[in-house]
Amino acid sequence: MTELKAKPEAKRSLPTIVWPLLALAVMLVIDGIINPSFFSIRLVEGRLYGSLIDILYRGTPIALIAMGMAIVIGSRGIDLSVGSVVAISGAVMAHYIHADWNPWLIVLVTLGMGAFCGLWNGALVSLLGIQPIIATLILMVAGRGFALMINGPGIPTFRSEFFESLSTGQFLTIPTRLYLVVLVFVILWALLRKTAFGLFVEAVGSNASASRLAGVGTRVITIAAYAIIGVCSATAGIIITGDVRASDAVTSGLYTELDAILAVVLGGASLNGGRIYLANTLVGVLIIQSLTTSILMSGLPPEYNLVVKAIVILVVLLVQAPKLRSSIAVLFGSRGGKVKS
Amino acid sequence: MRERRLPILATIVVFLLLYAIGGFYFNNFLTTRVFGNLLTDNAFVIIAAIGMTFVILSGGIDLSVGSMIAFVGIVMAVLVRDGWHPLTAALVLIVFGFLLGALMGYIIDAFEIQPFIVTLTSMFMLRGLSAVISQDSVPINHPFAEAFGSFRIPFPIGKGWLSAEALVMIACLIVALIIAHRTRFGANVYAIGGDAQSALLLGVPVRKTVVGVYALNGVFAVVAGIVYALYTSSGYPLAAVGVELDAIAAVVIGGTLLTGGVGLVIGTVFGGLIQGLIQTLIIFDGTLDSWWIRIVIGGLLFVFIVLQKGIMRSVTALGSQGAA
């Protein structure tokens, strides 16, 4: 038994990022064939334009949320409420812009709201022991109600130079929001790999009771993971709301939880927790975003977007499934076919 | 076992309490007309939630229900436009729902991929296909649809009536009750939801049961879609967004344990009616904004989940005491 269990680990000599990168490369090559000007990047009025920039630009909100999702999934959790947190933070932001607060203070308050939402989810999961899907479902259902409550009647619109330049502006020819993604990535990467936090989250994700016995503060770690994704979602909320210059509580951030989870899964992480792949997740986001772009470019009506996305995801999932891999191994006469647990 | 009955009792108490609140504050609330409308307006959600009950009892989840309802509506509308009889279209769609559900169940069990992700892909697929078929709302004009819409059985008292939608829902409930409590399949669903490993060792056909659960849920989702299409007399690709959440909420408020194995189909019906009552109360009031519906339902979800947690804890505590 021990020998069998050790086998899949030993087989993995390639770094995990290879597969998502390969998928992304295939996607980009197809894009290049469909549209020869796909890779061209132009400089117009001090700003870079082109399909590649567009993919990065549009992928930003999902990238921000997906990085948080990677951590939560690493702790064997999941967060369905991110879309609602986007809506809530957008509403909070619009509210204080109307109150004429200092923009930096607004950013602080909005991120604080995101952290608060995350703390709530984390408390339900770790203190009350509710399954993550269900615990975060509560905020997913109620969250947009709160956002509508903060908004009051109608959709509040606003003009704010600070938030517009943060969301749609550029710095040194590169869109500002891309710096934000890099910043969040570096912070999270340092937190995960330069402190023991990442190790603790992965320990909680692989075996919660064992890590509790080993002295890991499971509860604090879990709550922290949800607080982080709350802040990430609020950041995405600032970008999305700043982009449309309005707080639309009903549609803002709709379905982002699904895209974020998919990005993590495409990055090769298992929903059973135990591993956090931050960079892979970003590649997953790029796969999703370039898929969307290629569907648009290929001349297919945008309605096909969801259908193609579903097929691609199903294929990737099946390829990743250990069961299918082992049965293919049997098919090709490899002796490792007895993998049955 | 008695503790496990507590959630359903709590559900019924909440239902009666909401009804009492309505009766106390509003004049025309305690009429058969309001009751009849409650059944009619919530029939499709409750039908979907009944199917979801089996999935959750088996320890799974299905996110594709809302998309399925939209897909069924648009396909039905297009087929009727092309001269099909609505019932023929319904039959074809029910077979489709059965097969798609069975396929999802097979992928979940055979490849050990989480139900959450598998049903997510079919959620995307069905929503996308609906938009591919038609971007706009397609009306359903057919004598049968009109007869369905105007069908009424008056209640013996008051001005209320039982609509065709409500009748279909009641028929679904009876079928579901028989399947859940009077068949071996139903017992197997409870068994694999309680403890899949032990169920397998006891000789429960896990693969067959999982495939069956999702196939059954597919059928219920299609029936919900048919009812919704006839209720709105149209198909629309963006219809029923988020109904899967309403259905899951109905199941939870109805006292079914989300970890699987414990729960009752009848509880789900009350769970669905409670959501409907909250909506009716807020509409009756007139001054409250509609977002209160989401907040109150979220709050109820929270209360019920915490209640379940507490009960399960006391049950396991009692169990270990008995063992000692």
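Colleague: What pLDDT does chain A average?

Modeller: This is a predicted model, and pLDDT is the predictor's confidence in each residue, from 0 to 100. In chain A, 90% of the residues score at least 70. The average pLDDT of chain A is 82.

Colleague: What is the mean pLDDT of chain B?

Modeller: In chain B, 96% of the residues reach 70 or more. The mean for chain B is 88.
For the model as a whole, the scores are pTM 0.83 and ipTM 0.74. To end on the value you asked for, the mean pLDDT of chain B is 88.

Colleague: Why does the radius of gyration of chain A agree with a compact globule?

Modeller: Chain A has 341 residues, and a compact globule with that number would have a radius of gyration near 20 Å. Its C-alpha trace spans about 70 × 55 × 35 Å along the principal axes. The radius agrees with the globule value because chain A has 21 Å.

Colleague: What percentage of the residues of chain A count as buried?

Modeller: A residue is buried if 20 or more other C-beta atoms lie within 10 Å of its own. Chain A is made up of 15 helices and four strands in its secondary structure. Among its contacts between residues at least 6 apart in sequence, 78% join residues at least 24 apart. Of the 341 residues of chain A, the buried share is 48%.

Colleague: What is the radius of gyration of chain B?

Modeller: Chain B has 13 helices and four strands. The globule rule gives 20 Å for its 324 residues, and the value for chain B is close to that, so chain B is as compact as a globular protein of that length. Its C-alpha atoms fill a box of roughly 65 × 50 × 35 Å along the principal axes. The radius of gyration of chain B is 20 Å.

Colleague: What percentage of the residues in chain B are buried?

Modeller: Contacts in chain B with a separation of 6 or more are, for 80% of them, between residues 24 or more positions apart. Of the 324 residues in chain B, the buried ones make up 52%.

Colleague: Which element gives the most residues to the side of chain A that touches chain B?

Modeller: The contact takes 32 residues from chain A and 35 residues from chain B. On the side of chain A, the elements that give two or more residues are α6 (132-151), α12 (256-266), α14 (304-320) and α15 (322-331). By class, this side has 24 nonpolar, four polar and four charged residues. With eleven residues, the element that gives the most is α6(A).

Colleague: At what angle do the axes of helix α5 and helix α11 of chain A cross?

Modeller: Helix α5 covers residues 103-126 and helix α11 covers residues 218-244 of chain A, and their axes come within 7 Å. The crossing of α5(A) with α11(A) is right-handed. Their contact has 17 nonpolar, twelve polar and one charged residues. The axes cross at roughly 145 degrees.

Colleague: Where is Arg76(A) placed in chain A?

Modeller: Arg76(A) is not a glycine, yet it has a positive phi of about 65 degrees. With 22 other C-beta atoms within 10 Å, Arg76(A) is buried. Its place is in the loop between α3 (51-74) and α4 (82-98) of chain A.

Colleague: How many C-beta neighbours does Ala240(B) have inside 10 Å?

Modeller: Ala240(B) lies in the loop between β4 (234-235) and α11 (243-253) of chain B. Its phi is near 55 degrees, a positive value in a residue other than glycine. Ala240(B) counts as buried, and its number of C-beta neighbours inside 10 Å is 26.

Technical notes:
Residues numbered from 1 in each chain as written. Chains lettered and ligands numbered in written order. Predicted model: local features only at pLDDT ≥ 70, side-chain atom pairs only at ≥ 80, totals over all residues. Contact = placed C-beta atoms within 7 Å. Nonpolar A, V, L, I, M, F, W, Y, C, P; charged D, E, K, R; others polar. Axes fitted to C-alpha atoms, helices over the stretch in contact; angles between N-to-C directions. Left-handed = near helix turned anticlockwise from the far one by under 90°. Rg over C-alpha atoms; globule rule 2.2 N^0.38 Å. Buried ≥ 20, exposed ≤ 12 C-beta atoms within 10 Å, placed from the backbone.
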